[in-house]
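Trainee: I would like to go through the labels used for this structure and ask what stands behind each of them.
Mentor: Go ahead, and take them one at a time.

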Amino acid sequence: MSSSVLRFLSAKLRQRRQETGTRWRRLSVGRQALPTLAPLRSAHPYARLAAGFGIGTTTAYRYITEAVAVLAALAPTLAEAVRTASSKAFVLLDGTLLPIDRIAADRPYYSGKHKRHGMNVQILADPLGRLLWASPALPGAVHDVRAAREHGISDALVQAILTLQLASSDR
């Protein structure tokens, strides 16, 4: 990860700590950002991250969860992504399966197509492949078309197309 990403996340974490009135943490915001960004880059288990930073596994989990919530709050909503998409020639909508560790009893998370457990995430991207929006995760057994309908992606894109057609016909 670049130092600018680390500084950005540190500033957002500092701002959140000030908003919530946090008085003391084992790690500074800069040190909290590092174990948060590490699992996004590689799949290090929380126990290994905790040992590397001299904190408990539970503390590592709390730090990472807090930082991911801060990052998620910065993400655009579907409406904002559709507004951006309406200025593009076309957009790409695709689903992906994020692998997870589950047992056989967790049937809703099992994707028959991929033959593994996972979470289904829908991605909206511009023609250059830049991410416009990512959906909340659904169980891996959910088909991409159903996931797009459940998230309202299809309706939002159709509404944007109709709005553009009405605007262009008024000219």
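Trainee: Why is His151 called buried?
Mentor: This is a predicted model, and in it His151 has a relative accessible area of 18%. Buried means under 20%, so His151 is buried.

Trainee: Where is His151, and which residues does His151 touch?
Mentor: His151 is in helix α6. Not counting residues up to four places away in sequence, His151 touches Leu78, Gln122, Trp133, Ser135, Pro136 and Leu138.

Trainee: What makes the approach of His151 to Ser135 a polar contact?
Mentor: Their side chains are joined at 3.5 Å, and the cut-off for such a pair of N or O atoms is within 3.5 Å. There is also the backbone oxygen of Pro136, which lies 3.3 Å from a polar atom of the His151 side chain.

Trainee: Which residues of α6 are buried?
Mentor: In α6, residues 144-151, the buried ones are Ala147, Ala148 and His151.

Trainee: How do you know that the buried residues of α6 line one face?
Mentor: Looking down the axis of α6, they fall within an arc of 100 degrees, so they line one face of the helix. As a general point, an α-helix has 3.6 residues a turn, so residues three or four places apart point the same way.

Trainee: What follows α6?
Mentor: Gly152 follows α6, and the phi of Gly152 is positive, near 80 degrees.

Trainee: Where is Asn120, and why is Asn120 called buried?
Mentor: Asn120 is in strand β3, residues 116-125. The relative accessibility of Asn120 is 3%. With the limit at under 20%, Asn120 counts as buried.

Trainee: Which side chain does Asn120 join in a polar contact?
Mentor: The side chain of Asp144, at 3.1 Å. Leaving aside neighbours within four places in sequence, Asn120 is in contact with a list of residues including Gly95, Thr96, Leu97, Pro136, His143 and Ala147.

Trainee: What makes β3 and β4 a pair of strands?
Mentor: Pairing needs at least two bridges, and 3 bridges join β3 to β4. The two strands run antiparallel. One of the bridges has Ala125 with Leu131 of β4 as its partner.

Trainee: How many residues lie between β3 and β4 in the hairpin?
Mentor: There are 5 residues between them, and in the turn Gly129 has a positive phi of about 90 degrees.

Trainee: Which residues make up the largest nonpolar core?
Mentor: It has 11 residues, among them Leu78, Val82, Leu124, Trp133, Ala148 and Leu157. At least two residues each come from α5 (78-85), β4 (131-134) and α7 (153-169). The largest share, 4 residues, comes from α5.

Trainee: What does Val82 touch?
Mentor: Not counting residues up to four places away in sequence, Val82 touches Ala156, Leu157 and Ala160. Apart from this core lies another, of 7 residues, including Leu9, Leu13, Val29 and Val70. In general, nonpolar side chains tend to be buried together in soluble globular proteins.

Trainee: Why is Leu166 called exposed?
Mentor: The relative accessible area of Leu166 is 56%. Exposed means over 50%, so Leu166 is exposed. The place of Leu166 is in helix α7.

Trainee: How many aromatic pairs are there?
Mentor: The count comes to 1 aromatic pair.

Trainee: Why is the pair of Tyr46 and Tyr61 called tilted?
Mentor: The ring centres are 5.8 Å apart, and the limit for a pair is within 6.5 Å. The planes stand at 55 degrees. Under 30 would be stacked and over 60 edge-to-face, so this pair is tilted.

Trainee: What does the pair tie together?
Mentor: Tyr46 lies in helix α3 (residues 46-53) and Tyr61 in helix α4 (residues 57-74), so the pair ties together parts 15 residues apart in sequence.

Trainee: Why is Tyr46 called partly exposed?
Mentor: Tyr46 has a relative accessible area of 29%. Buried is under 20% and exposed over 50%, so Tyr46 is partly exposed. Tyr61, at 45%, counts as partly exposed by that rule too.

Key:
Residues numbered from 1 in each chain as written. Predicted model: local features only at pLDDT ≥ 70, side-chain atom pairs only at ≥ 80, totals over all residues. Heavy atoms only, no water. Core = buried A, V, L, I, M, F, W, Y, C linked by side-chain atoms within 4.5 Å. Buried < 20%, exposed > 50% of the residue type's maximum accessible area, 1.4 Å probe, protein only. Contact = heavy atoms within 4.5 Å. Polar contact = N/O pair within 3.5 Å; in protein donor to acceptor, adjacent residues only side chain to side chain. Arc of directions from axis to C-beta. Phe/Tyr/Trp six-rings, centres within 6.5 Å; stacked < 30°, edge-to-face > 60°.
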